[in-house]
2 protein chains.
Amino acid sequence: MASAQTRLIRFEDLKDFCRRAYEAAGVLAGEAAIVAELLARADLRGVASHGVMRLPIYIERLEKDYVRKKCQLTTLRQKGATAFLQAHGSMGHVVSQRAMRLAMELAQTHGIGWVTVKDSGHFGVTGLFPMMALEEDLIGYVCSNSAPMMAPFGGKSRIMGNNPLSYAFPADQRLPVVVDFSCTVVASGRLILARKKGESIPLGWAVDKDGHPTSDPFAGYEGGGSLAPVGRHKGYGLALAHEILSAVLGGGKWTQSIKSLYEKDDSGIQGTCHSFLALDPDCFVGRAEFKQAMDQYIETVKDSGTAEGVAEIFLPGEIEARTEERCLVQGVPLAEATAQDLEALAVRLGLRLRFA
Amino acid sequence: MASAQTRLIRFEDLKDFCRRAYEAAGVLAGEAAIVAELLARADLRGVASHGVMRLPIYIERLEKDYVRKKCQLTTLRQKGATAFLQAHGSMGHVVSQRAMRLAMELAQTHGIGWVTVKDSGHFGVTGLFPMMALEEDLIGYVCSNSAPMMAPFGGKSRIMGNNPLSYAFPADQRLPVVVDFSCTVVASGRLILARKKGESIPLGWAVDKDGHPTSDPFAGYEGGGSLAPVGRHKGYGLALAHEILSAVLGGGKWTQSIKSLYEKDDSGIQGTCHSFLALDPDCFVGRAEFKQAMDQYIETVKDSGTAEGVAEIFLPGEIEARTEERCLVQGVPLAEATAQDLEALAVRLGLRLRFA
């Protein structure tokens with residue numbers, strides 16, 4: 001919802017602006033439309049951290065040739081239900097949309113499809129790719145490595161990523177269940193925000209560059225520290241698994257040699273690696289039966305008693321879906337700083353940007 | 001290591017005792033050998049909570065016909081790289097060993113294999129099944145639902161399981177990486193132990209039956225409370241995903257209707273559901289290349305600096321593998337209470353039990 005610090009924009013206008021910005025940076029119309037939809041949809045679903053806030057840096061990276069303007073995605077190996085793709089430093093959003101589509105095609109034929117991609121780049125909101133599987137009543141999954149921000153459990157060096165995973169499960173009348181999280185206790189943005197506000201952070205969120213638990217948000221991240229894995233050795237293990245399932249399996253760049261979006265990178269290959277899975281419920285209980293059972297399962301969870309002080313139990317993805325529904329009608333709220341950044345970008349690229 | 005409160009037993013003797021106990025309960029030799037190996041190996045690897053400590057209850061359940069003595073595992077559907085199996089209330093250990101084997105066969109043909117099983121039972125240590133894939137240089141994965149012990153995030157009803165997952169990744173000269181954890185902050189055994197010792201538990205481990213955070217270990221579990229999901233909404237989301245990928249996908253029993261090992265259950269079907277995945281690195285970077293890259297990746301993590309007060313960074317599964325190596329030579333330590341339970345079982349079944 002818009003407040004003193006946000007400005008509203010219609011979803012279609014936001015998407016259209018993103019598309020034209022990509023086109024102005026030399027991206028073909030079809031690919032520009034894919035990224036624009038994904039970026040605007042992130043904000044529509046309330047995931048502003050991975051939405052149009054990133055548009056200026058994405059455009060800058062295209063202009064500097066840090067990222068390939070036209071998606072090049074070649075098949076290195078294809079066997080049975082699997083495919084292994086090389087993305088040559090193309091935009092992560094476009095690469096991932098195509099790789100997930102391929103996993104779905106494989107699943108239609110083989111019951112399951114697994115696609116691993118190397119040499120891709122930042123792909124935004126993890127959950128939007130497995131959600132593509134929902135259109136065909138398939139289960140979708142993705143995992144990825146990322147830029148360095150975490151130390152190994154017991155370590156002090158920032159050599160691991162927060163390596164997200166996401167699952168999307170179709171339901172019938174109920175909203176789909178979309179699990180989407182990364183393997184740190186909190187995102188780096190929370191520490192940057194706390195530092196800006198002059199606030200301390202709880203012990204357990206991060207360690208400083210010497211591996212000491214810290215309540216200083218600067219020491220915990222921007223000053224060379226590392227975010228802590230969620231659930232201690234559990235988040236550490238999961239983050240390792242996702243790195244292995246993407247970068248090690250693909251022979252791609254490990255997290256520690258991946259530069260963040262905000263670093264100079266003349267290599268032309270940010271190098272993030274991802275793996276995508278699609279699974280067909282028709283090979284098990286059946287597609288229709290699965291969706292109906294999902295409805296029942298969701299209801300059982302939602303209708304179980306709430307803890308004191310809790311109004312409602314949410315399934316993963318439910319809050320984002322409700323936000324999407326509301327913002328389609330009321331408009332998408334952008335933080336004032338983001339709105340100003342987009343306005344500056346519009347001026348620079350000679351584009352029109354219209355708020356609601 | 002043996003202490004005043006433990007007794008040592010040779011691994012082969014422990015395994016042999018388990019096998020003969022199963023045979024005495026009417027299990028065929030081949031299947032008895034499978035479960036015996038898995039149970040004794042749990043203790044060998046230091047995972048006593050899921051090892052021979054459970055032998056007496058497993059035997060009792062067979063004697064009471066709560067569990068099928070001869071494994072019956074039928075194929076409900078088979079398409080491409082997937083299989084859907086019905087276990088008819090057979091022993092989870094035997095079922096899972098066969099299901100994992102099938103997933104590996106499918107992966108050899110299709111690059112990946114996915115097997116979902118319904119109507120199985122308690123299978124012990126999750127990680128031992130994906131570890132089977134290591135023998136063929138494949139990646140293994142399993143997830144499962146379990147008996148109820150957790151409330152949904154924001155809820156107060158014990159309707160979810162701790163729904164474990166495990167990955168096993170082969171390496172070359174290095175130990176394989178075996179990620180194996182469940183989705184609660186701590187296992188229920190930790191609360192039972194604290195209650196026995198009269199200790200309180202940290203806030204955040206559990207909620208009482210009304211959903212209030214509690215430091216009383218009895219209120220948090222045995223008194224009707226629920227264990228907390230690890231990482232709050234993250235562990236909740238992962239536990240849901242594992243329930244959906246096993247029980248909902250298989251049309252089997254959801255966690256909330258699964259009885260624990262220690263409850264009367266005349267149905268003859270405990271009903272746990274599991275899913276198994278095997279993935280062939282030859283479809284990606286290559287088997288040999290993957291194992292070599294694993295070695296390098298493991299070394300990078302191990303050789304990164306340790307936090308102050310930490311002697312060494314461990315990869316998941318490393319401590320268990322070292323324990324296994326040591327206890328193969330020195331003997332497997334059993335808690336005195338477990339040793340006495342096994343002695344009583346030996347007397348009852350007319351078997352010989354020899355400690356080291």
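## Report on a two-chain predicted model

Arg7(A) is partly exposed, with a relative accessible area of 23% (buried means under 20%, exposed over 50% and partly exposed in between, using a 1.4 Å probe and protein chains only). Residues are numbered from 1 along each chain as its sequence is written, while chains are lettered from A and ligands numbered from 1 in the order in which they are written. The model is predicted, so local features need pLDDT of at least 70, side-chain atom pairs count only at pLDDT 80 or more, and totals for chains, interfaces and linings use all residues; side-chain values use heavy atoms, with hydrogens and water left out.

### Salt bridges

Arg7(A) has a partner in Glu343(A), with which it forms a salt bridge (a side-chain nitrogen of Lys or Arg within 4 Å of a carboxyl oxygen of Asp or Glu). Glu343(A) is partly exposed as well, at 32%. Over all chains, the structure holds 54 salt bridges.

| Pair | N to O distance | Elements linked | Separation |
|---|---|---|---|
| Glu343(A) and Arg7(A) | 2.9 Å | helix H10 and strand S1 of chain A | 336 residues |
| Arg41(B) and Glu324(B) | 3.4 Å | helix H2 and helix H9 of chain B | 283 residues |
| Glu63(B) and Arg348(B) | 3.1 Å | helix H3 and helix H10 of chain B | 285 residues |

In chain B, Arg41(B) is partly exposed at 21%, whereas Glu324(B) is buried at 15%. Glu63(B) is partly exposed, at 35%. Back in chain A, salt bridges with shared partners join Asp16(A), Arg19(A), Arg20(A) and Glu23(A) into one network.

### Where the chains meet

Each chain brings 78 residues to the contact (heavy atoms within 4.5 Å). Together chains A and B bury about 6,300 Å², with 71% of this on carbon and sulfur atoms (accessible area lost on being put together, 1.4 Å probe, summed over both parts). On the chain B side, the most area is lost by Lys234(B), Phe284(B) and Tyr297(B), which together make up 13% of what that side buries.

The interface has 0 salt bridges, but 26 residue pairs are in polar contact, both at pLDDT 80 or more (N or O atoms within 3.5 Å; within protein, one must be able to donate a hydrogen and the other to accept it, and residues adjacent in sequence count only if both atoms are side-chain atoms).

Helix H3 of chain A (residues 55-63) is mostly covered, with 7 of its 9 residues buried. Among these are Leu55(A), Tyr58(A) and Arg61(A). The cover includes helices H1, H2, H4 and H10 of chain A.

Most residues other than glycine have a negative phi. Asn163(A), though not a glycine, has a positive phi of about 25 degrees. This residue sits in the loop between strands S5 and S6 of chain A and is buried at 0%. Asp119(B), also not a glycine, has a positive phi of about 60 degrees; it belongs to strand S4 of chain B and is buried at 12%.

Conventions. Buried area is the accessible area (1.4 Å probe) that two parts lose on being put together, summed over both. Helices (H or I, at least four residues) and strands (E, at least two) are DSSP runs, numbered from the N terminus.
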